[in-house]
Amino acid sequence: MNQQLKTPVTPRDAAAMILLRDPEDPKVLWVKRARTLAFMANYHAFPGGQRDAEDAEIPIINDEGLEDAVMRTVAIREIFEEAGVLIARGVEKLSTEKIAKLRRAHSADEISFKDLLESEGLELDAALLKEAPRWVTPPHMPRRYDTRFYSAWLPEGQDIEIIPGELEEGEWIRPDEALKRWVDGDCLIVTPIFAALQALSGGVHDFADRMHAVNQDQRDHLEKRVEMRYGFYLSPLRTPTIPPATHTNCYIVGGDEMVVIDPGSPYDDQQEMLDEVIDQFIDEGRKIREIIITHLHPDHIGGVAHLAQKYNLPVAAHRLTAEAISDEVQVDRIIEDGETITLSEKSSGLDWRLRAMWTPGHAKGHLSFYEERTGSLLTGDCVVGFGTVVIAPPEGNMNDYLDSLRHYLELPRITALMPGHGPVIADAKRKIEEYIDHRFERERMIIEAMKGGASRSDQIVKAVYTDVPQTMHQLAELSVLAHLGKLESDGLVKRIDDDYRLCI
Ligand SMILES: [Zn+2]
């Protein structure tokens, strides 16, 4: 099979600060990223950011033998910009009001960080930071960072002040409490944050060493399986999918017993990688109960037959999916709309209750799964992390699709969208509303184009999809046909052969 290999994005240099306070009852500063950010919107994280060109010009003492001295400067500058905490030799001479004033001047671009330090006679000191492990964003992500983590204690007399912008809020939290919230589904964090919290919960003073040692395991598996949430593992597998996506997310969910959702890759190397992940789970004493398919598309079922055969696993899907793929994959169990698949873990006493939701629109037999305890919603191709969802008739149906999105909104609590492609989305409700709005906006534009004289789908594409490259126009035309189908069933459009006319 023809394999499209895409070069991963080059990681950019970044630094993050694990800021601690109260040595007797240690707390760490974590921040909630703004919902408007393109990367990890509404995730919890540590303050940090990318390296600036000027950072290398800022002197830092005690940098002998340190190849990462400039990255320490990045971490110090970022914690100042994002939380108003200034970590420098001589800072005790400054009042908190003075520090706040300097920060305002700096954020208004009135003074550079370098000049600010110089004018106050402050010195950056590499020794004030402790180095924690360095992490690189896995290759399947649209943006990647090579992030150095450092820790430092909050300087005496200072406190944080988060000015809403890139960050929504900041909070001092005991590491155990942060982990509990993660297990309960109250927040989304990425693996290095999880690794740091886990190491911190064992004691803050030597945590950096422990983070190095204890989490080697996490790191080894990072590109193969990312634990997005306790008991929710994501294995991004390269598949023949629709650009800009290059991978399909395979989810493995549960505790002592697990299910594998959408092992979609037809490629040998990707199947081998997933086999390794499954072997690891089996080595950990877990059992794989079944394979679940969200819908019939090749990039979601490409690895099902292999996995089913190799591990002797039953396959479950919606009836319509089972019928459509019967030539390629044998489905052993039909999943009914509303049924709940319960998976549990003895050691933690936790359950994962996956409620199946029939969500047609992208595909007739499309299933989503809502995990009731954590509020996690596995969306298949109904909502994706980047790119767009194609609604291609006759399999796709715009009315059904919008109904499915509305069903999502009726759920009591959605804490994360775990899509079939792209990153997991924290700001769930808003994303779903955006999806609905986007479709109505397209519909409005289609009606406008028709009022302007376009009557065939290709003419409408040219008028409406001016923001989409020519190469995607064929797909766009399918979406237009889906919209026209909806408008027809709404009684707003009449079709005569390939010609569509407005009846309003
Ligand atoms: Zn699909």
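Modeller: Strand β20 (residues 376–380) is mostly covered, with five of its five residues buried. Keep in mind that the model is predicted.

Biologist: Which residues of β20 point the opposite way from S376, L378 and G380?

Modeller: In a regular strand the side chains alternate between the two faces of the sheet. In β20, S376, L378 and G380 point one way, and all are buried. The other way, also buried, point L377 and T379.

Biologist: Which strands pair with β20, and in what sense?

Modeller: Strands of a sheet pair through backbone hydrogen bonds, either parallel or antiparallel. Strand β19 (residues 367–371) joins β20 in the antiparallel sense over three bridges, and E371 stands opposite S376.

Biologist: Which residue in the turn between β19 and β20 has a positive phi?

Modeller: The two strands form a hairpin with four residues between them. A phi of about 75° belongs to a glycine in that turn, G375.

Biologist: Which are the edge strands of the five-stranded open sheet?

Modeller: The order is β17-β18-β19-β20-β21, with mixed pairing. An edge strand here pairs on one side only. The twist averages 20° from one strand to the next. The edges are β17 (340–345) and β21 (416–419).

Biologist: What is the bridge partner of L343 in β18?

Modeller: β17 and strand β18 (residues 350–358) run antiparallel, paired over six bridges. In β18, the partner of L343 is W352.

Biologist: How far apart are the end C-alpha atoms of helix α8?

Modeller: Helix α8 has 16 residues, 268–283. At 1.5 Å a residue, it should span 22 Å. The model agrees, because the ends are 22 Å apart.

Biologist: Within what arc do the buried residues of α8 fall?

Modeller: An α-helix has 3.6 residues a turn, so residues three or four places apart point the same way. In α8, Q270, M273, L274 and I278 are buried. They line one face of the helix, because seen down its axis they fall within an arc of 140°.

Biologist: Which residues are exposed on the other side of α8, and what covers the buried ones?

Modeller: Exposed on the other side are D268, D269, E272, D279 and D283. The cover over the buried residues includes β11 (232–238), β12 (247–254), β14 (287–292) and α10 (304–311).

Biologist: At about what angle does α10 run to β14?

Modeller: β14 belongs to an open sheet of seven strands, ordered β10-β11-β12-β13-β14-β15-β16. Strand β13 (residues 257–261) runs parallel to β14, joined by five bridges. α10 lies across β13, β14 and β15 (315–317), and its angle to β14 is about 150°.

Biologist: Is Y500 buried or exposed?

Modeller: Y500 is found in strand β23 (residues 499–502). Beyond four places in sequence, Y500 touches M450, S455, L484, V493 and R495. The cut-off for burial is 20 or more other C-beta atoms within 10 Å. Y500 has 24, so Y500 is buried.

How values were computed: Residues are numbered from 1 along each chain as its sequence is written. This is a predicted model: local features need pLDDT of at least 70, side-chain atom pairs count only at pLDDT 80 or more; totals for chains, interfaces and linings use all residues. The expected span of a helix is 1.5 Å times one less than its number of residues. A residue is buried if 20 or more other C-beta atoms lie within 10 Å of its own, exposed if 12 or fewer, and partly exposed in between; C-beta atoms are placed from the backbone. The arc is that of the directions from the helix axis to the C-beta atoms. Two residues are in contact if their C-beta atoms, placed from the backbone, lie within 7 Å. Two strands pair if DSSP finds at least two bridges between them. Axes are lines fitted to C-alpha atoms, for helices over the stretch in contact, and angles run from 0 to 180 degrees between N-to-C directions.
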